[in-house]
Amino acid sequence: MKHFTGYELLWLFFVYSFLGWVLETAATTLKQRKFSNRGLVNGPFCVIYGITAVLMSVGLQELKGIWLFVFAAVYATVAEWISGHLIEKIFHERWWDYSENRFNIGGYICLEFSIMWGLGSMIMVNMIHPMIYGVVSKIPLMVIYALLVIFAIAFIIDIIVTVKEIVGFKKSLGQLEKIADGLKDIGDQL
């Protein structure tokens with residue numbers, strides 16, 4: 001079993017967060033016919049892809065064939081179910097809804113996409129991981145550390161800005177509700 005270093009896990013997190021963002025943004029942009037940033041944060045990161053890739057890298061590294069497919073599908077499906085609930089709770093929106101698909105649970109997950117996640121994860125583990133390791137292994141260690149620090153700082157700033165926007169938006173909604181209540185009172189008096 002491979003023991004991953006912290007910087008290897010960070011690389012996986014950032015690479016797959018970015019690739020997930022590209023995939024989600026492209027799919028949604030094509031579907032809606034206009035640009036749609038699909039990350040939870042403002043920058044080009046789809047955090048759930050990064051987290052899931054890291055968990056799969058650590059937890060599924062010894063599996064092959066059908067077992068890799070089954071457990072990768074389970075990991076990805078659980079991650080999709082959790083993130084769907086979190087997105088709805090935080091943003092009061094549903095970014096996807098599988099209610100029309102057969103064998104769905106609450107519209108958050110469905111068998112069709114679980115199979116797709118399993119196949120995609122097998123490709124990730126068997127093809128994309130080796131390519132990433134091949135590229136990263138050629139980069140001098142000091143450059144790797146410098147890049148990771150830059151990515152981490154950018155990501156932390158992005159999280160702070162995103163949280164500030166969410167909190168500010170909720171405060172604005174509260175203020176708008178007070179204004180609406182005041183207008184309703186005026187209307188009632190008139």
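The buried residues of helix H1 are Glu8, Trp11, Leu12, Phe13, Phe14, Val15, Tyr16, Ser17, Gly20, Trp21, Thr25 and Thr28, where buried means under 20% relative accessible area, exposed means over 50%, and partly exposed lies in between, with a 1.4 Å probe and protein chains only. The model is predicted, so that local features need pLDDT of at least 70 and side-chain atom pairs count only at pLDDT 80 or more, while totals for chains, interfaces and linings use all residues. Residues are numbered from 1 along each chain as its sequence is written, and side-chain values use heavy atoms, with hydrogens and water left out.

**The chain and its helices**

The secondary structure of the protein chain comes to 5 helices and 2 strands, where helices (H or I, at least four residues) and strands (E, at least two) are DSSP runs numbered from the N terminus. Along the sequence these elements follow the pattern α-α-α-β-β-α-α, and of the 190 residues of the chain, 33% count as buried.

Helix H1 covers residues 6-32, and the residue that follows it, Arg33, has a positive phi, near 60°. In helix H2, the buried residues are Val47, Tyr49, Gly50, Thr52, Ala53, Val54, Met56 and Ser57. The table sets the span of each of these two helices, from its first C-alpha to its last, beside the expected span, which is 1.5 Å times one less than the number of residues.

| Helix | Residues | Span | Expected span |
|---|---|---|---|
| H1 | 27 residues | 38 Å | 39 Å |

**Aromatic pairs**

The structure holds 13 aromatic pairs, a term for rings of Phe, Tyr and Trp (its six-membered ring) whose centres lie within 6.5 Å, with planes under 30 degrees apart counted as stacked, over 60 as edge-to-face and the rest as tilted. One of these pairs joins Phe4 and Tyr133, and it is stacked, with 6.3 Å from centre to centre and 25° between the planes. Because Phe4 lies in the segment before H1 and Tyr133 lies in helix H4 (residues 111-137), this pair ties together parts that are 129 residues apart in sequence. Phe4 is buried, with a relative accessible area of 17%, whereas Tyr133 is partly exposed, with a relative accessible area of 24%.

The rings of Tyr49 and Trp117 have centres 5.8 Å apart and planes at 75°, so this pair is edge-to-face. The pair links distant parts of the chain, since Tyr49 belongs to helix H2 (residues 47-59) and Trp117 to helix H4, 68 residues apart; both Tyr49 and Trp117 are buried. Elsewhere, ring pairs link Trp11, Phe13, Phe14, Phe45, Phe151 and Phe155 into a cluster.

On a 1 Å grid over the protein atoms alone, a cavity is a set of points where a 1.4 Å probe fits but cannot get out, a pocket is an open set with protein on both sides within 12 Å along at least five of seven lines, and lining residues have an atom within 4 Å of a point. Grid points are joined across faces, edges and corners, and a volume is the space filled by probe spheres set on the points.

About 1,000 Å³ of space lies in the largest pocket. Its lining has 36 residues, of which Leu23, Glu24, Tyr49, Glu80 and Trp117 lie nearest its centre. The elements that give two or more residues to this lining are H1, H2, helix H3 (65-91) and H4, and H1 gives the most, with 9 residues.

There is 1 cavity of 30 Å³ or more, and the largest cavity has a volume of about 40 Å³. Which residues line the largest cavity? They are Tyr7, Glu8, Trp11, Leu12, Ile132, Tyr133 and Val136. H1 gives the most to this lining, with 4 residues, and H1 and H4 each supply at least two.

**His129 in helix H4**

His129 has its place in helix H4 and is buried, with a relative accessible area of 7%. Although His129 and Leu12 are 117 residues apart in sequence, they are 8.4 Å apart in space, C-alpha to C-alpha.
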